[in-house]
Amino acid sequence: MSSPFAGDSIGADGVPPPTVSLALEGTSSVGEARRLAGTFAMRAGLGEAERSNLAIVVTELAGNAVKHGGGGEMIVRLIGGSPAGVEAICIDSGPGIANIAEAMRDGHSTTKTMGTGLGAARRLSHRFEIHSLPGAGTATLARMWAGAAPDQFGYEAGGVAVPVKGETECGDAWAFVCRAQRAVVMLADGLGHGAQAAEAAKAAVRAFHVASNRGAAEIITAMHGALRETRGAAVAVAEIDRARSEVRYAGVGNIAGLLVAGTAPRWMVSQNGIVGHQPRPVHETAYPWTSETAVVLHSDGIRNGWKPEGYPGLLRRDPALATAVLYRDFGRGRDDSSAVICRLGSPSTKARAE
């Protein structure tokens, strides 16, 4: 039996769950972040206690970014599927946290908010992670589910898809499905940005879920017909086969795909074209894979050139948190930005800090 990743399952209307990015520029934006999270919590069906806890957590994280990070950004995403949930990621480019263990200590409150510090935020969240380096900013993730977290067969996958400033819809989208021995992850970048690019990305997600039991190249081939009435998209699909210890990859257009084990990234090869408008044979390439390998896909809204050694421990954090850091530090700012990471999970998934 396959399991669609609850973080990006599509609803009955075939529309991917929304993501909203909010600039944190002052105290008023802290309240706006809290209200935004509350709206998402209601849509996800969170209970009263979870809604209250999420409000405290988001207020704490947003308040820290404004007071200590010089401002930042809150990315809130509705997690579809069953159970549903809410994911909130706060990023800033401030001075970072010199001593995370101290910051997480009970009674260590950094802002006059509803919460009592990062320690409380960690306890109140179903999933909480933080990554901070002195002089390089802080990124924090909190996630709340309406029920027990879904079984992902040991895999972890997460991503960000943020529209360019001035747009309300993102023309990028990602999706993920998994079985015990197989996981498939996809990233689509609709041409341009705005509503028409978003429609192409949504069509790619719908087609992916229909064809996800096929190989990587066959999935993209199936997408050609589904995207024919849209402006088209760049698409990459990576299939992890644990039994064969390999990744099979196919990409069309300007999506970056790489495998990272330790600090040695390996780029995967895409071909030219536009899915939906330039049908041609799709090539698939196999690459070695181990339990330590992370699959990273990102659109051209994120610059190439980031080096894993510059972010110690980042790729062992929650994948959504890791992609948010890449977006923060390498987003071009003039296009939709997206990234997704898939890997095997670490032993602890409740709360980690580094």
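**View 1. P288 and the residues around it.** Leaving aside residues up to four places away in sequence, P288 touches S245, E246, L259 and R266. Contact here means heavy atoms within 4.5 Å. The model is predicted, so local features need pLDDT of at least 70 and side-chain atom pairs count only at pLDDT 80 or more, while totals for chains, interfaces and linings use all residues. Residues are numbered from 1 along each chain as its sequence is written, and side-chain values use heavy atoms, with hydrogens and water left out. P288 sits in strand β14 (residues 285-288). Helices (H or I, at least four residues) and strands (E, at least two) are DSSP runs, numbered from the N terminus. Is P288 buried or exposed? P288 counts as exposed because its relative accessibility is 55%. The cut-offs are under 20% relative accessible area for buried and over 50% for exposed, with partly exposed in between (1.4 Å probe, protein chains only). R244 is 44 residues from P288 along the chain, and their C-alpha atoms are separated by 8.8 Å.

**View 2. L61 in helix α2.** L61 lies in helix α2. At 3% relative accessibility, L61 is buried. Which residues does L61 touch, not counting those up to four places away in sequence? They are M74, C90, L118, F128, T140 and A142. C90 is 29 residues from L61 along the chain, with 6.4 Å between the C-alpha atoms. C90 is itself buried, at 4% relative accessibility.

View 3. Helix α2 covers residues 48-68, which is 21 residues. From first C-alpha to last, α2 reaches 30 Å, close to the 30 Å expected at 1.5 Å a residue. The expected span is 1.5 Å times one less than the number of residues. Buried residues of α2 include L54, I56, V58, E60 and N64. After α2 comes G70, with a positive phi near 70°.

**View 4. Helix α1 and its packing.** Helix α1 (residues 27-44) has 18 residues. Its reach from first C-alpha to last is 26 Å, close to the expected 26 Å. Among the buried residues of α1 are V30, A33, L36, A37 and F40. An α-helix has 3.6 residues a turn, so residues three or four places apart point the same way. What do the buried residues of α1 pack against? They pack against β2, α2, β3 and β4. G45 follows α1, and its phi is positive, near 80°.

**View 5. The largest pocket.** This pocket has a volume of about 610 Å³. Its lining holds 27 residues, and S21, A23, E73, V162 and Y327 lie nearest its centre. At least two lining residues come from each of β2 (19-24), β3 (72-79), β4 (85-92) and α7 (319-330). β2 gives the most, with six residues. On a 1 Å grid over the protein atoms alone, a pocket is an open set of points where a 1.4 Å probe fits, with protein on both sides within 12 Å along at least five of seven lines; lining residues have an atom within 4 Å of a point. Grid points are joined across faces, edges and corners, and the volume is the space filled by probe spheres set on the points.

View 6. A disulfide is a pair of cysteine sulfur atoms within 2.5 Å. By this rule the count is zero disulfides. C178 is buried, at 2% relative accessibility.
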